[in-house]
Amino acid sequence: MNISEKKQRFIELANKRVNKALKQISLISNLSNTNNYEYTQDEVKQIIRALESEIQMCKERFRKQDSEESRQFSLK
């Protein structure tokens, strides 16, 4: 797979996966409707903490890739 194919595949999958994740987060937000659901603030904090933790891990994985690439040695 050449670079342009890898880039195109990344773009296609990123669009699908991010849009799917945004839709799922929106569905989680619907749980805030107190006419339909009952919850505690502790439960809300647990949900938010789980989502934030996963976002943080995602950021770290992308940063790790960036830092690994920048640490590579190359004679020019």
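Here are some questions and answers about this predicted model.

Q: How many helices and strands does the secondary structure of the chain come to?
A: Let's start with the fold. The chain has 76 residues. Its secondary structure comes to 2 helices and 0 strands.

Q: What percentage of the residues in the chain is buried?
A: To count as buried, a residue needs under 20% relative accessible area. The accessible surface of the chain comes to about 7,600 Å², with 53% of that belonging to carbon and sulfur atoms. Out of 76 residues, the buried share is 0%.

Q: Which element gives the most residues to the nonpolar patch on the surface?
A: The patch takes in Val18, Leu22, Ile25, Ile28, Leu31, Tyr37, Tyr39, Ile47, Ile48 and Leu51, and together they have about 790 Å² of accessible area. Two elements give two or more residues to this patch, α1 (3–29) and α2 (41–70). With 4 residues, the top contributor is α1.

Q: Is Val18 buried, partly exposed or exposed?
A: Val18 sits in helix α1 and belongs to the nonpolar patch. Val18 has 46% relative accessibility, so it counts as partly exposed.

Q: Which element gives the largest share of the lining of the largest pocket?
A: That pocket is lined by 16 residues, and those nearest its centre are Arg17, Val18, Ala21, Cys58 and Phe62. Both α1 and α2 give two or more residues to the lining. The largest share, 11 residues, comes from α1.

Q: How many nonpolar, polar and charged residues are in the lining of the largest pocket?
A: Val18 turns up here too, as one of the residues nearest the pocket's centre. Cys counts as nonpolar, and Arg as charged, which covers Cys58 and Arg17 in that central group. By class, the lining comes to 11 nonpolar, 1 polar and 4 charged residues.

Q: How much space lies in the largest pocket?
A: Rolling a probe the size of a water molecule over the atoms shows where empty space is left. For the largest pocket, that space is about 590 Å³.

Key:
Residues numbered from 1 in each chain as written. Predicted model: local features only at pLDDT ≥ 70, side-chain atom pairs only at ≥ 80, totals over all residues. Heavy atoms only, no water. Patch = residues over 30% accessible without salt bridge, like charges linked within 9 Å, V, L, I, M, F, W, Y side chains within 5 Å. Areas by Shrake-Rupley, 256 points an atom, 1.4 Å probe, with all protein chains shown as cover. Salt bridge = Lys/Arg side-chain N within 4 Å of Asp/Glu carboxyl O. Buried < 20%, exposed > 50% of the residue type's maximum accessible area, 1.4 Å probe, protein only. 1 Å grid on protein atoms, 1.4 Å probe; cavity = no way out; pocket = protein on both sides within 12 Å on 5 of 7 lines; lining within 4 Å. Points joined across faces, edges and corners; volume = space filled by probe spheres on them.
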